[in-house]
Amino acid sequence: MTISKRNALDMWNEQFSQFKEKGIQYFEPNSWLKSYLPILHDRGFNQVLEIGCGSGNDTRFLVGNGFKVTATDFSEVALSIVESNIPTVQILHHDTQNKFPFEDGGFEFIVASLSLHYFDVNLFKQILGEVRRMLSDKGLFLIRLNSVNDEDAQKVHVIDRYFYSIDSCRELFEGWKEIELGEHAIDYYGKEKIVIEGCFER
């Protein structure tokens with residue numbers, strides 16, 4: 001089912017408004033990014049762009065581990081939560097399918113956790129082109145996507161989303177150096193979710 005961009009934005013803002021009303025609980029010590037800290041620190045990385053930061057769990061983790069974070073999201077409400085709780089972060093309200101207003105090679109690594117599987121393959125490739133443009137030489141892209149093996153893959157969704165296998169993810173990242181790629185079961189808002197997780201070098 002396809003809905004308009006305006007309706008999608010309203011839905012995301014409503015969802016994050018509910019989170020805000022209930023009170024945000026952060027679980028950043030359990031962030032999926034924890035396993036990547038050795039390679040990030042070994043390479044001396046500092047500048048990171050987070051695409052689709054949501055309410056900021058990974059943002060908070062990154063800041064807490066000494067990184068200078070620029071965080072983007074489609075939802076103004078999500079960004080207001082991040083701005084209130086993590087004031088040192090530079091935030092940008094941005095529609096990911098549009099060109100990013102950042103210089104070439106401005107980030108040493110880029111993070112996108114469960115934020116890019118809302119785009120069809122053509123848009124995804126376009127976004128990957130932007131990611132590559134914004135990464136410095138040997139920069140890393142850390143990403144999580146819906147897996148075809150997750151139970152939600154069989155459901156109809158109000159907002160279109162796409163599901164990936166290891167092989168289809170490799171096809172998307174043709175021309176990148178694969179550092180790590182695998183399928184994982186995670187706890188996602190109290191239920192098990194199967195995701196594809198990868199680390200790719202520009």
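Buried means under 20% relative accessible area. The views below are taken from a predicted model.

**View 1. Phe-141 and Phe-173, two buried rings.** With a relative accessible area of 2%, Phe-173 falls under the cut-off of 20% and therefore counts as buried. Phe-141, at 0%, is buried as well. The ring centres of Phe-141 and Phe-173 are 6.0 Å apart and the planes meet at 40°, so this pair is tilted. Phe-141 belongs to strand E5 (residues 135-146), whereas Phe-173 is in the loop between helix H6 (166-172) and strand E6 (177-188); the pair therefore ties together parts that lie 32 residues apart in sequence. Phe-141 and Phe-173 also belong to a cluster, linked by ring pairs, that takes in Trp-176 and Phe-200.

**View 2. Phe-100 and Phe-102, a stacked pair.** The model holds 10 aromatic pairs. In the pair formed by Phe-100 and Phe-102, the centres are 6.4 Å apart and the planes are at 25°, so the rings are stacked. Phe-100 has a relative accessibility of 1% and counts as buried. Phe-102 is also buried, at 16%.

**View 3. Charged ends over aromatic rings.** Arg-132 places its charged end over the ring of Trp-176, at 4.6 Å from the ring centre. The ring of Tyr-188 has the charged end of Lys-193 over it, 5.4 Å from the centre.

**View 4. Strands E2 and E3 with helix H4.** Strand E2 (residues 68-73) and strand E3 (residues 90-93) run parallel and are joined by 4 bridges. Ala-71 stands opposite Ile-91 of E3. Together with helix H4 (residues 76-85), E2 and E3 form a right-handed β-α-β unit.

**View 5. The largest nonpolar core and a second one.** In soluble globular proteins, nonpolar side chains tend to be buried together. The largest nonpolar core has 27 residues, and those touching the most other members are Leu-40, Leu-62, Phe-67, Phe-109, Val-111 and Leu-142. Two or more residues each come from helix H2 (37-42), helix H3 (57-64), E2, H4, strand E4 (107-113) and E5. H4 contributes the most, with 5 residues.

**View 6. The surroundings of Val-111.** Which residues are in contact with Val-111, leaving aside its neighbours within four places in sequence? They are Trp-32, Leu-33, Val-48, Leu-49, Glu-50, Ile-51, Leu-62, Phe-141 and Leu-142. Among these contacts, Leu-62 and Leu-142 are listed with Val-111 as core residues that touch the most other members.

View 7. Most residues other than glycine have a negative phi. Leu-114 has a positive phi, near 55°. Leu-114 is in the loop between E4 and helix H5 (121-134), and its relative accessible area of 9% makes it buried. Lys-138, likewise not a glycine, has a positive phi of about 70°. Lys-138 is located in strand E5 and counts as partly exposed, at 46% relative accessibility.

**View 8. Ser-168 in helix H6.** Ser-168 lies in helix H6. At 22% relative accessibility, Ser-168 is partly exposed. From Ser-168 to Asp-42 the C-alpha to C-alpha distance is 30 Å, and the two residues are 126 residues apart in sequence.

Methods:
Residues numbered from 1 in each chain as written. Predicted model: local features only at pLDDT ≥ 70, side-chain atom pairs only at ≥ 80, totals over all residues. Heavy atoms only, no water. Phe/Tyr/Trp six-rings, centres within 6.5 Å; stacked < 30°, edge-to-face > 60°. Buried < 20%, exposed > 50% of the residue type's maximum accessible area, 1.4 Å probe, protein only. Lys NZ or Arg CZ within 6 Å of the ring centre and 35° of its normal. Pairing = 2+ DSSP bridges. Right-handed = clockwise from strand over helix to strand, strands pointing away. Core = buried A, V, L, I, M, F, W, Y, C linked by side-chain atoms within 4.5 Å. Contact = heavy atoms within 4.5 Å.
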